[in-house]
Amino acid sequence: MQNSQRITQFVILLVTLNLLWTATAVAEDAVAPQEAELLAVLRSDAPAADKAITCKKLAIYGSAEAVPDLAKLLADPELNSWARIALEAIPGEEADEALRNATESLDGLLLVGTINSIGVRQDAQAVEILSAHLQDADSDVASAAAVALGHVGNASASESLRQALATASLSVRSSIAEGCVLCAESFLADGDSDTARQIYDEVRAADVPLQRVIEATRGAILARKEDEAIPLLMEQFRSPVKQLFQLALGTAREFPGGDVDQALANEMRRTSPERAALIIQAMADRPETVVLTAVLDAARQGPKEVRLSAIEALKRIGDVSCLPSLLEIALETDEDVAGTAKDTLSEIPGDDVDGQILALLPQSEGGMYPLMIELVGRRRLQAVPELIKALESSDNDVRSAALIALGETVNLDRLDVLVNQVVSPDHSDDAPVAQRALKAASVRMPDREACAVMLADAIDQTPSVKTMSALLEILAAVGGTRSLEAVGAAANSADAQLQDTGTRLLGQWMTADAAPVLLDLSKSASDGKYRDRAFRGYLRIARQFVLPEQERVDMCEQAFEMSRRPADQKLVLEVLERYPNAGMLGLAIQAMQTPELKDDATPVVLKIAEKIGGDQKQIIEQLSKAGLEKVKLEIVQAEYGAGTTQKNVTDILQEQVRNFPLITLKSNSYNTSFGGDPAPGVVKELKVRYRIDGKEGEASFAENAPIFLPLPK
Amino acid sequence: MSDTVTQVPRRAFLKSALSVTGTAMLAPTIIPSSALGLDGAVAPSDRIVVGGIGIGNRGTYDLSCFLQQPDVQFVAVCDVKERRRLAVKKIADDHHGNENCDMYRDFRDLLDRSDIDALLIATGPNWHATMAMNAAKAGKDMYCEKPVTKNISQSLILAETMRRTGRVFQAGTQRRNLPHFAFACELARTGRLGKLKKVYAHPAGMQAMMSGWLPPEPEPDREVVDWNMYLGPAAWRPFNEKLLDGFNFEKGGGLVGGGVLEWGSHCVDLCQWAVGDCPPPVEYDPPKDGELVARYENGTELIFREKGWIPLGSCPVRFEGETGWVEAGDSGKIVLSSPELLAGRQVEEIGGYPATFHVRDFLDCVKTRSKPKGNADAACNAHIACHAANIALALDRQVKFDNTTHTFIDDEQANRLRSEALREPWRL
């Protein structure tokens, strides 16, 4: 192969380049010159790379004119596949004929590829050629011919394949069976189910791999009339071969009509529990025709795994008629069974189900009462007065269920019920449940400010710091202006526990309006621990939130002013680097003036300078003022690896060189940037020999460290 | 795409899924392990024996999701790169506490193993469809990373092959098993937003790309990197290390592919879910002002939009109906036109697009033979929408697609971009 002098079509090639026109429609007269130019490339001594890309273009713009030139490339091992890209795409008899002709002279892989293309084009005139190749001594060729015949899929193709099925060698038989099944699928799709069935049956009877039998059996079932198909399907359900049983599960879901459902129900009753559980799932995937009573019976009694599967399936297919049985099951002592029944009761759709549950609620007694309350909550039914009444019960389970249900259903106008249960619970045991319920209710209130006002007022009503903290947690989850005020006030209070809770919640606040509160706290909090926490929270907002550019710069400036330790200042530098702009550059240059920060700030300055656009002259002036001059950097040699396993990365590094002694890679990961991990599982190092303004230097960097090259002395 | 993801235990998800949905939204394919006879412990006969092919960065994350599942026994890895074979074997052996993970260079040797039930296919996109179909014909179920196909033809053949072979296929579209995306799609699908007018997907860069033919470099020993197998179905070209990244190599065949396909296979897939997994749009306009508009048969618009998103993380989608809208993204959060749309529900926020639940969905379906969320039919439709959009982008004009014949209407150029020949000996 000739080596192209220019780099050809490197990885990303915008299609809007010269490959394609941007006209709204490509007129016929515009195609011819383009095709002529393309053909000139194929006829020239252009490098193979250029011819390859030309084939791609001909796939769109080539006509019958291009076929002879493309056909010549079929004998070229490097270009065969490129030529076939065009030949498969160009419509018309010429391309078919060229591919057929090529089969006379090619062999091995090139012949296989050509036959595959004939199959894709479904060339009916190639049946004779393909049939002959079924006897090819090269089993890969024979296999390709078999599948190609399957794609052609007509009567003569299927005839050849059916004949070969009985006589072919073992190595080819699987592909012949595949071809047969493809033919049968075509017949079935065209309405000739008799022929399809015959072919499927022949494959099933042949000595072919199990997967071919599976495909043929599926087809054989779907091609038969119901009276024959259902017994065949049941035969698979009863097969000791796991794969055939699995096939039956899948095919049962595809089976048309409603007659099979009763057969499935019967099979489910007679088979092993393990299989019955799976059959129930298949039954439930036929919601229109499923025998619901059979599934309900299986839910009521029998082996546990079958019951669980049936109870779960009722989520999808159950209706109001299942309610009495499911309620009974939900009260059983087996937790798995009862829990699954509750889940199902929560999810069965239907207004009539809702209506019946609401009707049963006031009449319920014993264990049924908390169950009905739970269902009211889980189905989010409106029964607040009944739930409030239930809070008066002496039964802990009833009260807990009522609180949880209120959490799911109460509106703002009765949120006070839950607030009261938190602030002054009638039963102290109820407090944790009430808090969870209040939180669940609060976070779904449409008017969160109004909700926050109620919660904040409740803080004033309780003397308990523990309860206040719980309310603060809920306020933080609700968010909004009033919540922020309340949590900010707690953080500034005199109570240590409230300070702790308040500062923690502010540090996790989900909106940027917490920044001023955190800023104040970081200056004024009495305890250094909380000042630090507030500082980190403030910086978190600068680092993570969507903010106007100038606001983020201002925040970073404030953060520098507030930071007391170099470690904190380094955190601010990280934010500067993450959001490079002129303002951040100024701050980073300022940071360089602090001796303890200079080493960390310098690479940040250079990285920002590299990334930002705008007035480069001004940037360079700024850098010069900061003592950073533009340099000429060359990489002499760079190696990445460990021990004796080293990868030469000189070119990659050189590609990233700019005008400063800092190299920014495409990824923070050396492995990614350098095209892979040269020594997996081992600590690696990057060693660089370089020249800056003609002076040679050398430096080593730990894996993934910033590459800041010291100025050679 | 970043591999930064969050792992969440399944139990937590099942609980949250119930809290999200209240109805059957996430229920169909998940049944208690005890219902399958597992009851906490996993009998050897109930284990799913899994092999992995092309386990690189993303695949390693996927593998971790598989290994979290107690019923998974990972026994074999195949890779054209020796260092990846060794790295994955170490992960698997360390996890299982044995030395049993076998290594293969040629995936056909792995497919020959009758003990392997299911595969994790996480090669580069060049191989996905071809390998998935070879796996199906070998009787394996598979979880296959996206983008799943390189063109429209492959998408159709993939769906047909999975039907014909009876295999369980799960595309790596894990957002279908996350509660907030599920909730957003449910709002759209069930009419709670009113008549659906527009669904928006974020393509993250509407540029088509192709891999080329770079200057030859000395080819490594086949045991170190098997270049022939790496190329696989892609047209031949000489070895060049720059093409070895897998992630971008031959992503989308012909002159199309790239950005719309990379992210569209996620966010367009969600839009497809929102419209009830109906056939893909029938009209595709060329991009204008950062938007590419496609139209479904019923007039609903699918809009590939680059800008104008509420900041909800990567892979955002927006569904607009006559009476409301919802937007969701990878932060795990949703934004609604009205809180009333919640109807009292709380939507569990799971950020970081973990694949754990999607893997579990797949494994459950391997047992029940039900269809997983990212099944081949759903993946086929979503990928066709992406490929057709890319063709409109490449031709820079409107194209019209017929969902009955699966061809472009009176448009030979567009139809020629529906498929691309595979290098010998590969076929679908």
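## Two chains, from domains to backbone details

Eight residues of domain 1 of chain A are in contact with six residues of domain 2 of chain A. Two residues are in contact if their C-beta atoms, placed from the backbone, lie within 7 Å. On the domain 1 side of chain A, the residues that touch domain 2 are four nonpolar, two polar and two charged. Here Ala, Val, Leu, Ile, Met, Phe, Trp, Tyr, Cys and Pro count as nonpolar, Asp, Glu, Lys and Arg as charged, and the others, Gly among them, as polar. Chain A is assigned domain 1 (11-91), domain 2 (108-224) and domain 3 (631-713). These bounds come from an automatic or database domain assignment.

This is a predicted model, in which local features need pLDDT of at least 70, side-chain atom pairs count only at pLDDT 80 or more, and totals for chains, interfaces and linings use all residues. Residues are numbered from 1 along each chain as its sequence is written, while chains are lettered from A and ligands numbered from 1 in the order in which they are written.

**Confidence**

The model scores ipTM 0.90 and pTM 0.81. pLDDT is the predictor's confidence in each residue, from 0 to 100. For chain B its mean is 88, and 88% of the residues reach 70 or more. Residues 1-39 of chain B have a pLDDT below 50, yet this stretch has 97 contacts in the model beyond near neighbours in sequence. Where pLDDT is low, the predicted coordinates should not be read in detail.

**Chain B: strands and sheet**

Chain B has 12 helices and 15 strands. Helices (H or I, at least four residues) and strands (E, at least two) are DSSP runs, numbered from the N terminus. Of the 428 residues in chain B, 61% are buried. A residue is buried if 20 or more other C-beta atoms lie within 10 Å of its own, exposed if 12 or fewer, and partly exposed in between; C-beta atoms are placed from the backbone. Among contacts in chain B between residues at least 6 apart in sequence, 73% join residues at least 24 apart.

Is strand β2 (residues 72-78) of chain B enclosed or open? Seven of its seven residues are buried, so β2 of chain B is largely enclosed by the rest of the structure. Strand β1 (residues 48-53) of chain B pairs with β2(B) in the parallel sense, over six bridges. Two strands pair if DSSP finds at least two bridges between them. I48(B) has V72(B) as its bridge partner in β2(B).

Chain B also holds an open sheet of nine strands, with mixed pairing, in the order β13-β12-β11-β7-β10-β9-β8-β14-β15. Within chain B, strand β8 (residues 283-284) and strand β14 (residues 399-402) pair in the antiparallel sense over two bridges. The partner of E283(B) in β14(B) is K400(B).

**The nonpolar core**

Which residues have the most contacts inside the largest nonpolar core? They are I280(A), V295(A), A588(A) and V605(A), in a core of 354 residues. Helix α11 (residues 376-395) of chain B gives the most to this core, with 15 residues. A nonpolar core is a set of buried Ala, Val, Leu, Ile, Met, Phe, Trp, Tyr and Cys residues joined through C-beta atoms within 7 Å.

I279(A) lies in helix α16 (residues 273-284) of chain A. I279(A) counts as buried because it has 25 C-beta neighbours inside 10 Å. Its contacts, not counting residues up to four places away in sequence, are L264(A), E267(A), M268(A) and T271(A). The C-alpha atoms of I279(A) and Q246(A) are separated by 9.8 Å, although the two are 33 residues apart along the chain.

**Backbone details**

Most residues other than glycine have a negative phi, and most peptide bonds are trans. The table lists some exceptions.

| Site | Feature | Angle |
|---|---|---|
| K146(B) and P147(B) | cis peptide bond | omega about -10° |
| E424(B) and P425(B) | cis peptide bond | omega about 5° |
| Q122(A) | positive phi, not a glycine | phi about 50° |
| H406(B) | positive phi, not a glycine | phi about 60° |

P147(B) sits in the loop between β5 (141-144) and α6 (152-165) of chain B. P425(B) is in the segment after α12 (412-416) of chain B. Q122(A) is in the loop between α6 (108-121) and α7 (127-133) of chain A. With 15 C-beta neighbours inside 10 Å, Q122(A) is partly exposed. H406(B) lies in the loop between β14 and β15 of chain B. H406(B) is partly exposed too, with 17 other C-beta atoms within 10 Å.
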